[in-house]
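Here is a short walk through a structure with more than one part. Keep the view open beside the text and follow along.

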Amino acid sequence: MANELDVRYYKPKEEFKFDITDMENFVYDMSRCIKCKGCTWVEHTYMPGAKFMTRCPSATKYEFDAYGAYGKMRIGHAMAEGKLDWNEKALEVIYACTLCGACDVGCKRNLDLEIELSLESLRVKAVQDGVGPMPAHKKVAEKIKSSHNCFGSSHEKRTDWLPEGITPSQKADVLYFAGCTASYINKEIAQSTVRIFKAAGTDFMLMPDEWCCGNILFSVGLYDDAKALAERNVEEMRKTGAKTLITSCAEGYRMWKVDYPKLLNISTAELGFEVLHLVEYVDEMVKSGALELKNPVNTRMTYHDACSLTRLSEPWTPYEGKRGWMGCVEPRLQRRRGQNGVYAQPRDILNAVPGVNLVEMPRMKENAFCCGAGRGTKEAFPDFAAWAAQHRLEEVKEIGAETLVSTCPWCKNNFASAVKADGDDVQVLDISEVICASIEG
Amino acid sequence: MAISKEIYSVMEAVVGSENISDDPVICESYRSGPGGYENGLGYERVMTTIPGCVIMPKNTEEVQKIVKVCYRNDIPYVPYSTGFYGPRSHPHVEDALLIDLKRMNDFVLDEKHFYVEVGPGMVYSPIQEECMNHGAYVVIGGGGAQASAIANLIGDGWSPLSHRIGLPHRRILGTEMVMPDGEIVRMGSLATSEDPFWGEGPGPDLRGLLRGYTGLRGCLGIVTRMAIKTLPFQPERLEPTGISPNTALALPEKRIKWINFTVPSKEAQVTAMREIGHAEIGGAVTKVPLFWRAIAKAECKEEFWDLWGKETEESIANFFIVRVLLIGFTSEEQMEYDEKVLMDIMEPLGGIARRTKPSDESWIKNADSAGMWLMCGGYVSVDYVIETLTQSVEHGPSYAEVKKKYTPPLMPDYGDPGWFQSFEMGHQGYSEFLVYWDPDDNTDGVDQFYLDTSKMNIRNRTYTSLLGPHQPLYLTGPKYGPNYHEFLLKVKDEFDPKWMSHPPVPLAHDVFVERAPWMQSMKDWESPEDLPE
């Protein structure tokens with residue numbers, strides 16, 4: 001480039017890092033929000049029309065600016081400047097949010113501000129300041145502490161989901177991390193997953209003693225508790241010698257691939273093992289011919305992008321640097337914009353299943369509207385979670401789909417509850433069930 | 001005066017408890033700054049504050065009731081649609097009521113008569129999508145795809161597509177407005193019927209109330225409903241492609257295409273635009289600031305500065321581009337014909353068609369104003385000029401000259417003359433000058449530059465729209481005409497004698513100059529001593 005002094009004015013550089021335990025690291029991002037609401041609107045190129053215009057559940061439901069990322073950035077900024085203190089409303093605003101990442105990818109369309117990290121740091125601050133998390137979250141934390149799962153179920157029964165005729169190996173290259181929900185609530189997902197492994201001839205193992213991934217702890221700002229779990233789980237995983245960890249839960253996938261490295265201040269690559277979601281593994285198996293999707297599943301189907309598999313799933317790399325004139329940073333930052341999320345693989349799989357007529361919803365991929373269940377929302381704000389699922393189901397009905405498929409037990413549960421409550425005629429499935437049906441018949 | 005519990009409960013009865021709040025956390029989220037259009041500048045710091053209460057009506061009747069309560073109880077209020085337009089659309093006085101209109105997002109499309117009817121909460125991109133699905137299109141104003149269509153049309157409302165579609169005031173049809181005292185005024189054909197198809201109605205054309213010159217930021221009332229003229233488009237779908245941030249509309253090339261030409265001189269640039277207009281071809285003809293090209297190429301702000309740092313005053317002064325959007329409105333054959341005509345125009349001018357992507361990223365559906373903040377963090381469009389093509393092209397360089405004095409804090413731009421394009425088939429030319437800065441720097445110079453450009457325009461006798469609502473009225477008013485400012489203030493007094501609707505607009509910039517010490521040395525005009533507190 002030309003002589004830097006000709007172009008750039010001198011300005012002292014400020015140090016910062018991607019450390020959510022100190023909100024000061026994100027005050028710059030909060031201060032640069034321009035209220036374009038790119039965080040809330042469906043990206044305008046994909047704007048589907050006068051219906052389904054937004055992708056932020058919180059802003060759509062509660063409507064005051066406070067509930068959009070643009071409001072939360074202003075609230076966070078005012079707190080950082082000492083102009084505003086916590087109250088009941090502040091806690092509601094910060095926690096009645098699915099942390100689904102729609103705002104983050106929306107902002108990075110134009111401004112490259114670190115919205116998701118800012119929101120995470122606000123929740124950590126709430127805990128540090130002694131006001132967070134919400135009472136319902138504290139109960140979950142207690143359950144995780146006492147029984148290693150977020151439901152308070154018996155730890156001894158964690159592997160009761162294993163179907164007859166399938167026995168995991170003691171040692172294998174592939175380790176299946178089922179997670180709490182598929183272990184206790186949606187056992188059909190874990191069962192379908194291991195049947196797929198069997199059909200593909202993949203030898204797999206389970207963790208000798210699987211504990212909760214800590215998604216809720218991390219998501220609500222209980223940083224130290226989440227970090228302790230991350231340290232324990234990563235250590236246990238490394239001890240097994242497995243090369244690949246596969247999840248069938250999008251939230252668990254994000255924890256292992258993104259948030260454990262974030263908590264441990266290492267890169268995803270430094271974990272020492274690969275983290276895959278089931279759909280990445282199956283897609284590879286189908287394309288290599290190791291798995292055949294042969295039996296028809298005759299239905300008009302639509303696919304819901306789980307947030308943690310898509311816009312939130314890009315690998316993590318720690319960052320420490322300096323910010324100078326015009327906000328330019330050095331060293332150069334490879335920004336996580338959600339572009340490399342897992343979008344194509346599930347669609348390729350479903351399109352390969354005979355009989356499936358896959359139709360897209362108006363809001364899809366990085367513009368998808370979150371189901372509303374994840375990241376502590378359903379526990380503390382069940383009505384909001386139910387509303388979000390019902391809102392998304394309106395889209396399913398709009399396109400006349402008979403079957404709704406996702407890649408996360410949280411999504412499946414929340415949608416299934418909404419369907420039941422409303423008496424809708426929509427079948428809700430996890431993609432593992434669809435795959436299993438096509439390989440087993 | 002703070003809103004009392006009694007008045008709060010009256011308003012709560014109008015909209016429901018879930019749609020009103022005076023919680024400090026809710027109110028803080030309606031702060032204008034710190035980022036965004038004009039935010040961080042002196043005007044925002046000196047003139048704006050958070051509201052004392054926020055209310056979200058759903059329909060005109062609720063707006064009317066709210067305004068009547070305010071008027072009766074001396075509660076200042078500010079209408080607010082999307083909040084994108086920086087400090088000018090936020091409260092300027094303590095304890096104001098902010099009337100957030102986002103829930104009023106009704107949308108009706110009349111396919112047969114080519115118009116849409118919208119509420120103030122409806123933004124542009126859904127309107128354009130619905131229009132294109134029904135064989136029509138509108139201009140997405142430079143305010144961006146995320147801007148409220150009503151607010152944008154009141155203020156500005158133009159883009160490169162205005163080459164064919166024309167200026168915004170021609171597209172405002174029947175309009176409904178709640179006046180400061182709560183009475184409703186219906187303009188155009190809505191004055192006599194429920195058909196909003198006509199902009200002009202019986203009696204005087206009241207659309208001047210909306211615009212004041214180019215909009216008065218809510219100080220003359222609240223527009224609750226507006227019909228917007230649409231025009232016929234070509235029938236093929238513009239398919240969205242890519243994953244954010246790299247998204248675009250794939251263009252059906254036999255019906256729509258951009259062609260970028262380089263030409264040898266500014267004279268050739270102007271002649272090309274005029275000739276294209278005379279030939280009545282094209283959907284857009286424009287030349288954007290050259291740093292926008294660097295923004296489009298860069299993957300991040302750091303790369304932008306790497307690219308931009310390679311430019312020089314010479315490279316900028318000798319690069320002339322004409323972007324032309326061809327649209328086959330009626331057929332592929334028409335498109336082929338238009339392209340041949342275009343080439344016949346460009347060839348003798350030395351125009352060279354460069355390779356152009358068969359996609360649209362920024363004008364047809366996603367007018368991308370939000371991207372303007374990436375490289376610096378601070379941005380405003382200082383001024384717009386609508387003149388003849390030959391006169392408006394002189395406007396940018398005169399700005400660039402003044403700008404040198406204020407660089408830094410303004411971004412180094414090597415004399416880039418800004419944005420320049422054809423309006424209304426070349427009958428008018430448009431020039432827009434944009435400035436950028438680092439919000440962490442001392443921005444007094446940006447405030448001063450703003451005012452200096454106003455004085456420059458007065459000296460040059462240049463038509464400027466921002467001269468109105470963004471500058472001291474007592475500086476600019478006498479220059480529009482001997483009593484423009486007095487007339488405007490009489491209109492304000494007539495419709496809002498208590499000055500409850502967005503005070504102290506339209507005198508807000510006058511007040512700012514009085515209050516900001518770094519502005520006072522620039523004050524060389526007369527103004528009354530009794531400006532609003």
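Two residues are in contact if their C-beta atoms, placed from the backbone, lie within 7 Å. On that basis, 55 residues of chain A are in contact with 56 residues of chain B. Helices (H or I, at least four residues) and strands (E, at least two) are DSSP runs, numbered from the N terminus. The elements giving two or more residues to the side of chain A that touches chain B are helix 4 (69-80), helix 5 (88-95) and helix 6 (102-108) of chain A. Helix 4 of chain A supplies the largest share, 5 residues. By type, the residues on this side of chain A divide into 27 nonpolar, 12 polar and 16 charged. Here Ala, Val, Leu, Ile, Met, Phe, Trp, Tyr, Cys and Pro count as nonpolar, Asp, Glu, Lys and Arg as charged, and the others, Gly among them, as polar.

A word on the model and its labels. This is a predicted model: local features need pLDDT of at least 70, side-chain atom pairs count only at pLDDT 80 or more, and totals for chains, interfaces and linings use all residues. Residues are numbered from 1 along each chain as its sequence is written, while chains are lettered from A and ligands numbered from 1 in the order in which they are written.

Now find helix 13 (residues 250-264) of chain A. A residue is buried if 20 or more other C-beta atoms lie within 10 Å of its own, exposed if 12 or fewer, and partly exposed in between, with C-beta atoms placed from the backbone. Helix 13 of chain A is mostly covered, with 13 of its 15 residues buried. A kink of about 40° is centred on A:Trp256. The bend at a residue is the angle between axes fitted to the seven residues ending there and the seven starting there. After helix 13 of chain A comes A:Asn265, whose phi is positive, near 55°.

A:Lys365 also has a positive phi, near 50°. A:Lys365 sits in the loop between strand 9 (356-358) and helix 16 (377-380) of chain A. A:Lys365 is buried, because 21 other C-beta atoms lie within 10 Å.

Turn to chain B. Strand 21 (residues 428-437) of chain B has 10 of its 10 residues buried, so the rest of the structure largely encloses this strand. Both faces are covered: B:Tyr430 and B:Leu434 are among the buried residues on one side, B:Phe433 and B:Trp437 among those on the other. Two strands pair if DSSP finds at least two bridges between them. Strand 19 (residues 378-387) of chain B pairs with strand 21 of chain B in the antiparallel sense over 9 bridges. There, B:Asp383 has B:Phe433 as its bridge partner. Strand 20 of chain B is also antiparallel to strand 21 of chain B, joined by 5 bridges. B:Phe420 stands opposite B:Ser431. The hairpin of strands 20 and 21 of chain B has 4 residues between the strands, and B:Glu424 takes a positive phi near 50°.

Between helix 14 (389-405) and strand 20 (419-423) of chain B is B:Pro408. The peptide bond from B:Thr407 to B:Pro408 is cis, with omega near -10°. B:Tyr414 is in the loop between helix 14 and strand 20 of chain B too. Its phi is positive, near 60°. B:Tyr414 counts as partly exposed, because it has 16 C-beta neighbours inside 10 Å.
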